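Have the sequence and the 3D view open, and try each task before you read its solution.

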Amino acid sequence: MCSSNSLYTNPKPCKHLADYKVKNGLCGYNLIQDSFRTTPYGKTTLELSKLETKPRCSICSGCCKGRLYMCLMCSSVVCCLSPESNHALLHSHNENGHEILVDVERGELYCSVCCDQVYDPDFDKAVMCKHLMGFSRIENGVEGSELRLSKRRRLSFGMDLDSKNMKRLLFRRDHKSKSCFPLGLRGLNNLGNTCFMNCVLQVLLHAPPLRNYFLGDRHNREICRKMSSDRLCLPCDIDLMFSAVFSGDRTPYSPARFLYSWWQHSENLATYEQQDAHEFFISMLDRIHDKEGKASLATKDNGDCQCIAHRAFYGLLRSDVTCASCGFTSTTHDPCMDISLDLSACNSNRKDFACKSSKPNESLIGCLDLFTRPEKLGSDQKLYCENCQEKQDALKQMSIKKLPLVLCFHIKRFEHSPTRKMSRKIDRHMQFPFSLDMKPYLASSIVRKRYANRIFSFDNDESDVSTEFEIFAVVTHSGMLESGHYVTYLRLRNQWYKCDDAWITEVDEEVVRASQCYLMYYVQKMIYHKSCEDVSCQPMSLRADTFVPIAGCC
(Lines give C-alpha, C1' and ligand atoms only; values in the text may rest on other atoms or scores of the structure.)
Protein backbone atom coordinates (compact mmCIF):
# COMPACT_ATOMS: atom_id res chain seq x y z
CA MET A 1 0.00 0.00 0.00
CA CYS A 2 1.24 3.43 -0.91
CA SER A 3 1.16 5.94 1.87
CA SER A 4 2.05 8.77 -0.46
CA ASN A 5 -1.37 8.76 -2.05
CA SER A 6 -3.62 10.81 0.18
CA LEU A 7 -6.71 9.82 -1.81
CA TYR A 8 -6.45 6.21 -0.63
CA THR A 9 -7.62 4.83 2.68
CA ASN A 10 -7.95 1.24 3.83
CA PRO A 11 -11.42 -0.33 3.65
CA LYS A 12 -13.26 0.35 6.90
CA PRO A 13 -13.20 -2.61 9.32
CA CYS A 14 -16.41 -4.08 10.64
CA LYS A 15 -17.88 -2.47 13.78
CA HIS A 16 -16.88 -5.41 15.98
CA LEU A 17 -13.21 -5.29 14.93
CA ALA A 18 -13.15 -1.51 15.46
CA ASP A 19 -14.64 -1.95 18.95
CA TYR A 20 -12.13 -4.68 19.78
CA LYS A 21 -9.17 -2.47 18.80
CA VAL A 22 -10.52 0.47 20.81
CA LYS A 23 -10.79 -1.68 23.96
CA ASN A 24 -7.72 -3.90 23.55
CA GLY A 25 -5.44 -2.14 21.11
CA LEU A 26 -2.86 -4.39 19.44
CA CYS A 27 -2.05 -6.54 22.43
CA GLY A 28 -3.95 -9.55 21.11
CA TYR A 29 -1.88 -9.51 17.92
CA ASN A 30 1.32 -9.33 19.99
CA LEU A 31 0.33 -12.30 22.14
CA ILE A 32 -0.25 -14.67 19.22
CA GLN A 33 2.64 -13.43 17.07
CA ASP A 34 4.96 -16.22 18.26
CA SER A 35 2.37 -18.80 17.19
CA PHE A 36 2.37 -17.77 13.52
CA ARG A 37 4.08 -20.15 11.15
CA THR A 38 4.80 -18.96 7.59
CA THR A 39 6.16 -21.16 4.79
CA PRO A 40 8.67 -19.78 2.25
CA TYR A 41 5.78 -19.39 -0.16
CA GLY A 42 3.63 -17.20 2.05
CA LYS A 43 1.15 -19.61 3.66
CA THR A 44 0.50 -18.48 7.24
CA THR A 45 -1.13 -20.63 9.90
CA LEU A 46 -1.40 -20.75 13.68
CA GLU A 47 0.83 -23.47 15.08
CA LEU A 48 -1.50 -25.00 17.66
CA SER A 49 1.21 -27.06 19.32
CA LYS A 50 2.56 -23.82 20.76
CA LEU A 51 -0.79 -22.87 22.24
CA GLU A 52 -2.12 -23.97 25.60
CA THR A 53 -5.43 -25.07 24.07
CA LYS A 54 -5.66 -28.26 22.04
CA PRO A 55 -6.81 -28.18 18.41
CA ARG A 56 -10.34 -29.14 19.37
CA CYS A 57 -13.49 -27.09 19.62
CA SER A 58 -14.08 -26.00 23.22
CA ILE A 59 -17.86 -26.30 22.76
CA CYS A 60 -18.34 -29.61 20.96
CA SER A 61 -15.05 -31.05 22.33
CA GLY A 62 -14.22 -32.76 19.08
CA CYS A 63 -12.20 -32.38 15.90
CA CYS A 64 -14.62 -30.58 13.65
CA LYS A 65 -14.63 -31.05 9.88
CA GLY A 66 -15.24 -27.32 9.53
CA ARG A 67 -12.90 -24.40 10.19
CA LEU A 68 -11.23 -23.87 13.57
CA TYR A 69 -10.90 -20.37 15.02
CA MET A 70 -8.98 -19.09 18.05
CA CYS A 71 -10.46 -16.30 20.13
CA LEU A 72 -8.14 -13.30 20.53
CA MET A 73 -9.51 -12.59 24.00
CA CYS A 74 -9.37 -15.98 25.74
CA SER A 75 -7.50 -18.26 23.26
CA SER A 76 -10.45 -20.65 23.14
CA VAL A 77 -10.63 -22.72 19.96
CA VAL A 78 -14.08 -22.99 18.42
CA CYS A 79 -15.36 -24.42 15.15
CA CYS A 80 -17.70 -23.40 12.37
CA LEU A 81 -19.10 -26.19 10.23
CA SER A 82 -21.94 -24.21 8.62
CA PRO A 83 -24.11 -21.14 9.35
CA GLU A 84 -26.45 -23.51 11.22
CA SER A 85 -23.60 -25.07 13.24
CA ASN A 86 -21.50 -22.04 14.14
CA HIS A 87 -19.84 -22.49 17.54
CA ALA A 88 -17.74 -19.38 16.90
CA LEU A 89 -20.92 -17.31 16.96
CA LEU A 90 -22.18 -19.20 20.02
CA HIS A 91 -18.92 -18.39 21.83
CA SER A 92 -19.34 -14.65 21.15
CA HIS A 93 -22.90 -14.83 22.52
CA ASN A 94 -21.69 -16.51 25.70
CA GLU A 95 -18.69 -14.21 26.17
CA ASN A 96 -19.22 -10.49 25.66
CA GLY A 97 -16.51 -8.85 23.54
CA HIS A 98 -15.17 -12.14 22.15
CA GLU A 99 -16.28 -11.54 18.56
CA ILE A 100 -12.85 -11.39 16.87
CA LEU A 101 -11.01 -14.65 16.18
CA VAL A 102 -8.17 -15.94 14.02
CA ASP A 103 -8.67 -18.63 11.39
CA VAL A 104 -6.26 -21.37 12.52
CA GLU A 105 -5.73 -22.82 9.04
CA ARG A 106 -5.34 -19.56 7.14
CA GLY A 107 -4.01 -17.19 9.78
CA GLU A 108 -6.64 -14.55 8.96
CA LEU A 109 -8.95 -12.44 11.11
CA TYR A 110 -12.57 -13.55 11.40
CA CYS A 111 -15.61 -11.84 12.91
CA SER A 112 -18.02 -14.37 14.39
CA VAL A 113 -20.95 -11.94 14.38
CA CYS A 114 -20.51 -10.89 10.74
CA CYS A 115 -19.65 -14.52 9.88
CA ASP A 116 -16.96 -13.10 7.61
CA GLN A 117 -13.23 -12.67 7.29
CA VAL A 118 -12.18 -9.09 8.09
CA TYR A 119 -9.10 -7.14 7.11
CA ASP A 120 -6.79 -5.13 9.35
CA PRO A 121 -3.41 -3.78 8.09
CA ASP A 122 -2.05 -3.96 11.66
CA PHE A 123 -2.69 -7.70 11.68
CA ASP A 124 -0.83 -7.97 8.35
CA LYS A 125 2.12 -6.22 9.97
CA ALA A 126 2.12 -8.76 12.80
CA VAL A 127 2.24 -11.62 10.32
CA MET A 128 4.85 -9.84 8.21
CA CYS A 129 7.18 -9.16 11.13
CA LYS A 130 6.98 -12.79 12.22
CA HIS A 131 7.79 -13.72 8.62
CA LEU A 132 10.93 -11.56 8.72
CA MET A 133 11.96 -12.88 12.14
CA GLY A 134 11.89 -16.42 10.78
CA PHE A 135 14.66 -15.86 8.22
CA SER A 136 17.36 -18.46 8.59
CA ARG A 137 20.86 -17.03 8.85
CA ILE A 138 24.16 -18.83 8.54
CA GLU A 139 26.88 -17.55 10.82
CA ASN A 140 30.31 -19.20 11.17
CA GLY A 141 29.07 -22.05 9.01
CA VAL A 142 26.26 -22.95 11.41
CA GLU A 143 22.61 -22.42 10.47
CA GLY A 144 20.97 -21.03 13.57
CA SER A 145 17.49 -19.73 12.82
CA GLU A 146 15.78 -21.36 15.81
CA LEU A 147 18.73 -20.86 18.17
CA ARG A 148 19.16 -17.17 17.43
CA LEU A 149 15.45 -16.36 17.53
CA SER A 150 15.44 -16.82 21.29
CA LYS A 151 18.58 -14.68 21.71
CA ARG A 152 17.51 -11.80 19.52
CA ARG A 153 15.46 -8.93 20.77
CA ARG A 154 11.87 -9.49 19.76
CA LEU A 155 10.77 -7.42 16.79
CA SER A 156 7.53 -5.57 17.51
CA PHE A 157 5.14 -5.50 14.59
CA GLY A 158 4.08 -1.98 15.54
CA MET A 159 7.43 -0.48 14.54
CA ASP A 160 7.88 1.19 11.17
CA LEU A 161 9.76 -1.24 8.94
CA ASP A 162 12.16 0.24 6.41
CA SER A 163 10.82 -0.85 3.02
CA LYS A 164 14.27 -1.11 1.43
CA ASN A 165 15.58 -3.33 4.21
CA MET A 166 12.42 -5.43 4.07
CA LYS A 167 12.82 -6.02 0.33
CA ARG A 168 16.53 -6.76 0.76
CA LEU A 169 15.74 -9.41 3.36
CA LEU A 170 13.03 -10.94 1.21
CA PHE A 171 15.29 -11.04 -1.85
CA ARG A 172 18.03 -12.66 0.27
CA ARG A 173 15.60 -15.31 1.39
CA ASP A 174 14.52 -16.06 -2.18
CA HIS A 175 18.13 -16.19 -3.29
CA LYS A 176 19.11 -18.66 -0.57
CA SER A 177 16.04 -20.84 -1.02
CA LYS A 178 16.84 -21.09 -4.77
CA SER A 179 13.15 -20.75 -5.59
CA CYS A 180 12.22 -21.87 -9.09
CA PHE A 181 8.85 -20.14 -8.99
CA PRO A 182 8.42 -17.72 -11.91
CA LEU A 183 8.76 -14.02 -11.23
CA GLY A 184 5.33 -12.52 -10.56
CA LEU A 185 3.90 -15.64 -8.96
CA ARG A 186 2.85 -14.09 -5.65
CA GLY A 187 0.04 -14.89 -3.25
CA LEU A 188 -2.80 -12.45 -2.59
CA ASN A 189 -4.13 -12.00 0.94
CA ASN A 190 -7.82 -12.62 1.52
CA LEU A 191 -9.34 -9.34 2.71
CA GLY A 192 -12.62 -10.85 3.86
CA ASN A 193 -14.35 -13.33 1.53
CA THR A 194 -12.36 -11.97 -1.43
CA CYS A 195 -11.22 -15.30 -2.91
CA PHE A 196 -13.50 -14.51 -5.89
CA MET A 197 -11.41 -11.38 -6.52
CA ASN A 198 -8.01 -12.96 -5.88
CA CYS A 199 -8.58 -15.82 -8.31
CA VAL A 200 -9.53 -13.46 -11.18
CA LEU A 201 -6.67 -11.07 -10.37
CA GLN A 202 -4.20 -13.96 -10.64
CA VAL A 203 -5.54 -14.69 -14.13
CA LEU A 204 -5.30 -11.07 -15.27
CA LEU A 205 -1.82 -10.65 -13.77
CA HIS A 206 -0.59 -13.55 -15.90
CA ALA A 207 -2.63 -12.99 -19.07
CA PRO A 208 0.15 -12.19 -21.61
CA PRO A 209 -1.63 -9.22 -23.29
CA LEU A 210 -2.40 -7.46 -19.98
CA ARG A 211 0.99 -8.27 -18.51
CA ASN A 212 2.68 -6.89 -21.62
CA TYR A 213 0.53 -3.76 -21.48
CA PHE A 214 0.97 -2.80 -17.84
CA LEU A 215 4.58 -3.90 -17.37
CA GLY A 216 5.41 -2.13 -20.62
CA ASP A 217 4.25 1.12 -18.96
CA ARG A 218 1.43 1.59 -21.46
CA HIS A 219 -0.64 3.02 -18.61
CA ASN A 220 1.59 5.43 -16.73
CA ARG A 221 0.23 6.39 -13.30
CA GLU A 222 2.06 9.72 -13.12
CA ILE A 223 0.88 10.85 -16.55
CA CYS A 224 -2.66 9.68 -15.81
CA ARG A 225 -2.83 11.73 -12.59
CA LYS A 226 -1.72 14.86 -14.43
CA MET A 227 -4.13 14.42 -17.34
CA SER A 228 -7.20 13.19 -15.47
CA SER A 229 -9.31 14.78 -12.74
CA ASP A 230 -10.61 11.40 -11.53
CA ARG A 231 -9.97 10.91 -7.84
CA LEU A 232 -9.78 7.15 -8.28
CA CYS A 233 -8.45 5.39 -11.40
CA LEU A 234 -8.87 1.61 -11.49
CA PRO A 235 -6.23 1.07 -14.25
CA CYS A 236 -3.76 3.07 -12.12
CA ASP A 237 -4.40 0.73 -9.20
CA ILE A 238 -4.05 -2.28 -11.51
CA ASP A 239 -0.76 -0.84 -12.77
CA LEU A 240 0.41 -0.42 -9.16
CA MET A 241 -0.54 -4.01 -8.44
CA PHE A 242 1.44 -5.27 -11.46
CA SER A 243 4.47 -3.34 -10.22
CA ALA A 244 4.13 -4.82 -6.73
CA VAL A 245 3.52 -8.40 -7.84
CA PHE A 246 6.41 -8.39 -10.33
CA SER A 247 8.75 -6.52 -7.97
CA GLY A 248 10.33 -9.74 -6.74
CA ASP A 249 8.76 -9.79 -3.25
CA ARG A 250 7.59 -13.27 -2.26
CA THR A 251 5.41 -12.31 0.68
CA PRO A 252 1.68 -12.30 -0.08
CA TYR A 253 0.40 -9.00 -1.41
CA SER A 254 -2.70 -7.29 0.03
CA PRO A 255 -4.75 -5.77 -2.81
CA ALA A 256 -6.61 -3.49 -0.38
CA ARG A 257 -6.05 -0.38 -2.50
CA PHE A 258 -7.44 -2.09 -5.59
CA LEU A 259 -10.44 -3.43 -3.63
CA TYR A 260 -11.24 0.05 -2.32
CA SER A 261 -11.01 1.52 -5.83
CA TRP A 262 -13.19 -1.24 -7.29
CA TRP A 263 -15.79 -0.65 -4.59
CA GLN A 264 -15.94 3.03 -5.55
CA HIS A 265 -16.50 2.11 -9.20
CA SER A 266 -18.98 -0.71 -8.42
CA GLU A 267 -20.92 0.48 -5.39
CA ASN A 268 -23.57 -2.22 -5.77
CA LEU A 269 -20.86 -4.83 -5.11
CA ALA A 270 -19.15 -2.95 -2.24
CA THR A 271 -19.59 -5.58 0.46
CA TYR A 272 -17.59 -8.16 2.37
CA GLU A 273 -19.99 -10.87 1.15
CA GLN A 274 -18.82 -13.52 -1.28
CA GLN A 275 -19.32 -12.54 -4.93
CA ASP A 276 -19.41 -14.51 -8.16
CA ALA A 277 -15.98 -14.72 -9.84
CA HIS A 278 -17.49 -14.50 -13.32
CA GLU A 279 -19.46 -11.36 -12.49
CA PHE A 280 -16.33 -9.81 -11.01
CA PHE A 281 -14.33 -10.66 -14.15
CA ILE A 282 -16.89 -8.94 -16.42
CA SER A 283 -17.12 -5.98 -14.02
CA MET A 284 -13.33 -5.62 -14.11
CA LEU A 285 -13.23 -5.51 -17.92
CA ASP A 286 -16.10 -3.00 -17.97
CA ARG A 287 -14.32 -0.69 -15.53
CA ILE A 288 -11.06 -0.89 -17.52
CA HIS A 289 -12.97 -0.10 -20.69
CA ASP A 290 -14.76 2.84 -19.06
CA LYS A 291 -11.40 4.45 -18.33
CA GLU A 292 -9.15 3.30 -21.18
CA GLY A 293 -11.88 3.59 -23.82
CA LYS A 294 -12.05 7.35 -23.22
CA ALA A 295 -8.44 7.80 -24.31
CA SER A 296 -7.63 9.39 -27.63
CA LEU A 297 -7.31 7.12 -30.65
CA ALA A 298 -9.22 4.51 -28.66
CA THR A 299 -11.04 3.12 -31.72
CA LYS A 300 -10.02 1.79 -35.10
CA ASP A 301 -11.56 2.90 -38.38
CA ASN A 302 -13.98 -0.04 -38.16
CA GLY A 303 -15.16 1.16 -34.73
CA ASP A 304 -13.44 -1.55 -32.66
CA CYS A 305 -12.40 -0.28 -29.25
CA GLN A 306 -8.64 -0.34 -28.70
CA CYS A 307 -8.64 -0.37 -24.90
CA ILE A 308 -6.60 -3.20 -23.44
CA ALA A 309 -9.71 -5.05 -22.19
CA HIS A 310 -11.15 -5.27 -25.71
CA ARG A 311 -7.82 -5.91 -27.41
CA ALA A 312 -7.29 -8.93 -25.19
CA PHE A 313 -10.77 -10.41 -24.66
CA TYR A 314 -13.06 -8.98 -27.33
CA GLY A 315 -14.69 -11.51 -29.66
CA LEU A 316 -17.72 -11.61 -31.93
CA LEU A 317 -20.51 -14.18 -31.99
CA ARG A 318 -22.70 -14.88 -35.01
CA SER A 319 -26.33 -15.91 -34.63
CA ASP A 320 -28.22 -17.37 -37.60
CA VAL A 321 -32.00 -17.80 -37.31
CA THR A 322 -33.37 -19.81 -40.27
CA CYS A 323 -37.03 -20.06 -41.26
CA ALA A 324 -38.12 -23.71 -41.18
CA SER A 325 -40.57 -23.08 -44.03
CA CYS A 326 -38.61 -21.25 -46.74
CA GLY A 327 -35.02 -21.34 -45.48
CA PHE A 328 -34.62 -17.56 -45.20
CA THR A 329 -31.81 -16.74 -42.70
CA SER A 330 -31.54 -13.69 -40.48
CA THR A 331 -28.00 -13.04 -39.22
CA THR A 332 -26.91 -10.89 -36.28
CA HIS A 333 -23.53 -10.34 -34.63
CA ASP A 334 -23.06 -9.84 -30.90
CA PRO A 335 -19.85 -8.75 -29.13
CA CYS A 336 -18.64 -10.95 -26.30
CA MET A 337 -15.88 -10.91 -23.70
CA ASP A 338 -16.39 -14.57 -22.82
CA ILE A 339 -18.43 -17.58 -23.94
CA SER A 340 -20.90 -19.13 -21.48
CA LEU A 341 -21.39 -22.88 -21.94
CA ASP A 342 -24.09 -25.19 -20.57
CA LEU A 343 -22.76 -28.10 -18.58
CA SER A 344 -26.14 -29.83 -18.87
CA ALA A 345 -27.22 -31.15 -22.27
CA CYS A 346 -30.83 -30.11 -21.63
CA ASN A 347 -32.19 -27.09 -23.44
CA SER A 348 -30.90 -23.92 -21.82
CA ASN A 349 -34.39 -22.40 -21.95
CA ARG A 350 -35.94 -25.04 -19.70
CA LYS A 351 -37.77 -23.76 -16.64
CA ASP A 352 -37.00 -26.52 -14.21
CA PHE A 353 -34.34 -28.99 -13.11
CA ALA A 354 -36.30 -32.06 -14.14
CA CYS A 355 -34.99 -32.33 -17.71
CA LYS A 356 -33.15 -35.64 -18.12
CA SER A 357 -33.66 -36.25 -21.82
CA SER A 358 -30.00 -36.24 -22.80
CA LYS A 359 -26.67 -37.33 -21.44
CA PRO A 360 -24.70 -34.57 -19.77
CA ASN A 361 -21.77 -32.95 -21.47
CA GLU A 362 -18.63 -34.32 -19.92
CA SER A 363 -16.05 -32.38 -21.92
CA LEU A 364 -15.37 -28.86 -23.15
CA ILE A 365 -15.57 -30.16 -26.72
CA GLY A 366 -19.05 -31.51 -25.98
CA CYS A 367 -20.11 -28.14 -24.56
CA LEU A 368 -18.81 -26.33 -27.67
CA ASP A 369 -20.59 -28.82 -29.93
CA LEU A 370 -23.82 -28.12 -28.04
CA PHE A 371 -23.20 -24.36 -28.21
CA THR A 372 -22.88 -24.42 -32.03
CA ARG A 373 -25.57 -27.05 -32.65
CA PRO A 374 -28.80 -25.92 -34.40
CA GLU A 375 -31.57 -25.42 -31.85
CA LYS A 376 -35.29 -25.40 -32.62
CA LEU A 377 -36.90 -22.32 -31.12
CA GLY A 378 -40.00 -22.71 -28.99
CA SER A 379 -43.48 -21.70 -30.06
CA ASP A 380 -43.13 -18.43 -28.15
CA GLN A 381 -39.95 -17.54 -30.08
CA LYS A 382 -41.17 -17.84 -33.67
CA LEU A 383 -39.28 -15.86 -36.28
CA TYR A 384 -41.03 -13.19 -38.33
CA CYS A 385 -39.81 -14.27 -41.77
CA GLU A 386 -39.27 -11.37 -44.18
CA ASN A 387 -39.74 -13.76 -47.09
CA CYS A 388 -42.93 -15.47 -45.84
CA GLN A 389 -44.23 -12.22 -44.31
CA GLU A 390 -45.44 -14.08 -41.22
CA LYS A 391 -44.17 -15.77 -38.09
CA GLN A 392 -42.71 -19.21 -38.69
CA ASP A 393 -40.97 -21.97 -36.77
CA ALA A 394 -37.23 -21.44 -36.91
CA LEU A 395 -33.83 -22.93 -36.13
CA LYS A 396 -31.13 -20.94 -34.35
CA GLN A 397 -27.43 -21.67 -34.65
CA MET A 398 -24.54 -19.93 -32.90
CA SER A 399 -20.98 -19.68 -34.17
CA ILE A 400 -17.89 -17.55 -33.58
CA LYS A 401 -17.24 -14.74 -36.02
CA LYS A 402 -14.09 -13.35 -34.41
CA LEU A 403 -11.71 -14.99 -31.94
CA PRO A 404 -10.02 -12.91 -29.23
CA LEU A 405 -6.39 -13.14 -28.16
CA VAL A 406 -7.51 -14.52 -24.80
CA LEU A 407 -10.49 -16.85 -24.90
CA CYS A 408 -12.53 -17.18 -21.69
CA PHE A 409 -15.06 -19.99 -21.21
CA HIS A 410 -17.63 -19.63 -18.44
CA ILE A 411 -19.10 -22.98 -17.37
CA LYS A 412 -22.66 -22.58 -16.09
CA ARG A 413 -22.39 -24.45 -12.81
CA PHE A 414 -25.10 -22.45 -11.05
CA GLU A 415 -28.70 -23.01 -12.11
CA HIS A 416 -31.82 -21.12 -11.04
CA SER A 417 -35.34 -22.54 -11.26
CA PRO A 418 -38.06 -19.85 -11.55
CA THR A 419 -40.83 -22.41 -10.94
CA ARG A 420 -39.33 -23.96 -7.82
CA LYS A 421 -37.79 -20.63 -6.78
CA MET A 422 -34.54 -22.32 -5.87
CA SER A 423 -30.97 -22.61 -7.07
CA ARG A 424 -28.43 -25.38 -7.24
CA LYS A 425 -24.83 -26.02 -8.18
CA ILE A 426 -23.83 -28.62 -10.76
CA ASP A 427 -20.90 -30.55 -9.27
CA ARG A 428 -20.34 -32.68 -12.35
CA HIS A 429 -16.74 -33.11 -13.49
CA MET A 430 -15.84 -31.87 -16.96
CA GLN A 431 -12.82 -32.81 -19.07
CA PHE A 432 -10.97 -30.12 -20.98
CA PRO A 433 -7.93 -30.13 -23.28
CA PHE A 434 -4.81 -28.10 -22.65
CA SER A 435 -4.48 -27.45 -26.41
CA LEU A 436 -7.62 -26.40 -28.27
CA ASP A 437 -8.35 -25.83 -31.98
CA MET A 438 -11.33 -23.50 -32.42
CA LYS A 439 -11.56 -23.85 -36.22
CA PRO A 440 -14.64 -26.18 -36.16
CA TYR A 441 -16.61 -23.52 -34.27
CA LEU A 442 -15.85 -20.55 -36.50
CA ALA A 443 -18.70 -19.05 -38.50
CA SER A 444 -17.03 -19.98 -41.80
CA SER A 445 -16.76 -23.65 -40.76
CA ILE A 446 -20.30 -23.80 -39.35
CA VAL A 447 -21.91 -22.20 -42.42
CA ARG A 448 -19.96 -24.36 -44.89
CA LYS A 449 -20.97 -27.46 -42.93
CA ARG A 450 -24.60 -26.31 -43.03
CA TYR A 451 -24.41 -26.22 -46.83
CA ALA A 452 -22.67 -29.60 -47.16
CA ASN A 453 -19.17 -28.06 -47.29
CA ARG A 454 -19.80 -26.37 -50.62
CA ILE A 455 -17.01 -23.99 -51.62
CA PHE A 456 -18.30 -20.41 -51.83
CA SER A 457 -17.21 -16.93 -50.98
CA PHE A 458 -17.52 -16.07 -47.30
CA ASP A 459 -17.47 -12.49 -46.03
CA ASN A 460 -14.37 -11.76 -43.95
CA ASP A 461 -13.16 -15.36 -44.06
CA GLU A 462 -11.22 -16.22 -40.90
CA SER A 463 -8.93 -18.70 -42.66
CA ASP A 464 -5.90 -16.51 -41.94
CA VAL A 465 -6.73 -16.20 -38.23
CA SER A 466 -4.89 -18.29 -35.64
CA THR A 467 -7.35 -20.84 -34.25
CA GLU A 468 -5.00 -22.83 -32.01
CA PHE A 469 -5.08 -21.98 -28.30
CA GLU A 470 -3.24 -23.10 -25.17
CA ILE A 471 -4.77 -23.07 -21.70
CA PHE A 472 -2.97 -20.90 -19.14
CA ALA A 473 -5.45 -20.51 -16.27
CA VAL A 474 -8.35 -22.36 -14.67
CA VAL A 475 -10.59 -20.92 -11.96
CA THR A 476 -12.32 -23.58 -9.88
CA HIS A 477 -15.16 -23.48 -7.37
CA SER A 478 -15.49 -25.93 -4.51
CA GLY A 479 -18.18 -26.19 -1.87
CA MET A 480 -21.83 -25.30 -1.87
CA LEU A 481 -23.72 -22.64 -3.80
CA GLU A 482 -24.04 -20.34 -0.79
CA SER A 483 -20.63 -20.95 0.80
CA GLY A 484 -17.88 -22.00 -1.57
CA HIS A 485 -14.26 -21.19 -2.27
CA TYR A 486 -12.46 -20.13 -5.46
CA VAL A 487 -8.96 -21.26 -6.43
CA THR A 488 -6.89 -20.50 -9.55
CA TYR A 489 -4.53 -22.86 -11.32
CA LEU A 490 -1.90 -21.11 -13.47
CA ARG A 491 0.11 -22.78 -16.21
CA LEU A 492 3.49 -21.11 -16.58
CA ARG A 493 6.16 -22.69 -18.76
CA ASN A 494 4.08 -25.89 -18.85
CA GLN A 495 4.15 -26.17 -15.05
CA TRP A 496 0.94 -25.81 -13.04
CA TYR A 497 0.71 -23.72 -9.87
CA LYS A 498 -2.19 -23.57 -7.43
CA CYS A 499 -3.04 -20.05 -6.24
CA ASP A 500 -5.20 -20.31 -3.13
CA ASP A 501 -5.32 -16.73 -1.85
CA ALA A 502 -1.94 -16.18 -0.14
CA TRP A 503 -0.74 -19.72 -0.78
CA ILE A 504 1.16 -20.74 -3.92
CA THR A 505 2.00 -24.40 -4.48
CA GLU A 506 3.27 -26.44 -7.41
CA VAL A 507 0.84 -29.15 -8.55
CA ASP A 508 0.68 -31.90 -11.16
CA GLU A 509 -1.59 -31.56 -14.16
CA GLU A 510 -3.75 -34.45 -12.87
CA VAL A 511 -4.83 -32.20 -9.99
CA VAL A 512 -5.96 -29.56 -12.47
CA ARG A 513 -7.79 -32.04 -14.68
CA ALA A 514 -9.68 -33.38 -11.64
CA SER A 515 -10.84 -29.92 -10.50
CA GLN A 516 -14.31 -28.44 -10.93
CA CYS A 517 -13.54 -25.82 -13.56
CA TYR A 518 -15.70 -22.71 -13.53
CA LEU A 519 -13.71 -20.30 -15.70
CA MET A 520 -11.13 -21.44 -18.26
CA TYR A 521 -8.71 -19.12 -20.00
CA TYR A 522 -6.97 -19.97 -23.27
CA VAL A 523 -4.50 -17.76 -25.12
CA GLN A 524 -3.45 -18.01 -28.76
CA LYS A 525 -0.77 -20.67 -29.08
CA MET A 526 1.85 -18.38 -30.57
CA ILE A 527 1.44 -15.87 -27.73
CA TYR A 528 1.60 -18.62 -25.11
CA HIS A 529 4.91 -19.98 -26.38
CA LYS A 530 6.40 -16.49 -26.70
CA SER A 531 5.31 -15.66 -23.16
CA CYS A 532 7.13 -18.79 -21.93
CA GLU A 533 10.34 -17.31 -23.32
CA ASP A 534 9.74 -14.02 -21.51
CA VAL A 535 12.09 -13.31 -18.59
CA SER A 536 9.10 -12.92 -16.28
CA CYS A 537 8.66 -16.67 -16.49
CA GLN A 538 12.26 -17.40 -15.51
CA PRO A 539 13.22 -18.28 -11.92
CA MET A 540 13.37 -15.24 -9.67
CA SER A 541 16.57 -13.28 -9.37
CA LEU A 542 17.57 -10.16 -7.44
CA ARG A 543 16.81 -7.99 -10.46
CA ALA A 544 13.15 -7.05 -10.45
CA ASP A 545 13.01 -4.31 -13.08
CA THR A 546 13.58 -6.39 -16.20
CA PHE A 547 10.76 -6.84 -18.67
CA VAL A 548 10.83 -7.94 -22.27
CA PRO A 549 7.67 -7.18 -24.29
CA ILE A 550 6.09 -9.93 -26.36
CA ALA A 551 5.90 -9.06 -30.05
CA GLY A 552 2.39 -9.00 -31.42
CA CYS A 553 0.83 -9.19 -27.98
CA CYS A 554 -0.80 -5.80 -27.36
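**Exercise 1.** Which residues are linked with K21 in a network of salt bridges?

*Solution.* Before starting, note that this is a predicted model, in which local features need pLDDT of at least 70, side-chain atom pairs count only at pLDDT 80 or more, and totals for chains, interfaces and linings use all residues. Residues are numbered from 1 along each chain as its sequence is written, and side-chain values use heavy atoms, with hydrogens and water left out.

Step 1: recall the general idea. Side chains of opposite charge can pair when their charged atoms come close.

Step 2: A salt bridge here is a side-chain nitrogen of Lys or Arg within 4 Å of a carboxyl oxygen of Asp or Glu. This rule gives 12 salt bridges.

Step 3: look around K21. The network joins K21 with D120 and D122.

**Exercise 2.** Take the salt bridge between D120 and K21: which parts of the chain does the pair tie together?

*Solution.* Step 1: check the distance. From N to O, the side chains of D120 and K21 are 3.0 Å apart.

Step 1: D120 sits in the loop between β8 (116-117) and α4 (121-133), while K21 belongs to helix α1 (residues 15-24), so the pair ties together parts that are 99 residues apart in sequence. Helices (H or I, at least four residues) and strands (E, at least two) are DSSP runs, numbered from the N terminus.

Step 2: compare accessibility. Buried means under 20% relative accessible area, exposed over 50%, and partly exposed in between (1.4 Å probe, protein chains only). D120, at 6%, is buried, whereas K21, at 24%, is partly exposed.

**Exercise 3.** Are E470 and R491 buried or exposed?

*Solution.* Step 1: find the contact. The closest N and O atoms of this salt bridge are 2.9 Å apart.

Step 1: locate the partners. E470 lies in strand β22 (residues 468-479) and R491 in strand β23 (residues 484-492), 21 residues apart.

Step 2: apply the cut-off. Both E470 and R491 are buried.

**Exercise 4.** Which strands stand at the edges of the open sheet that holds β8?

*Solution.* Step 1: write the order. The 6 strands run β5-β4-β3-β6-β7-β8, with antiparallel pairing.

Step 1: read off the ends. β5 (85-86) and β8 each have a single partner strand, so one side of each is left without a neighbour in the sheet.

Step 2: check one pairing. Two strands pair if DSSP finds at least two bridges between them, and β7 (residues 109-111) is joined to β8 by 2 bridges. In one of them, C111 has D116 in β8 as its bridge partner.
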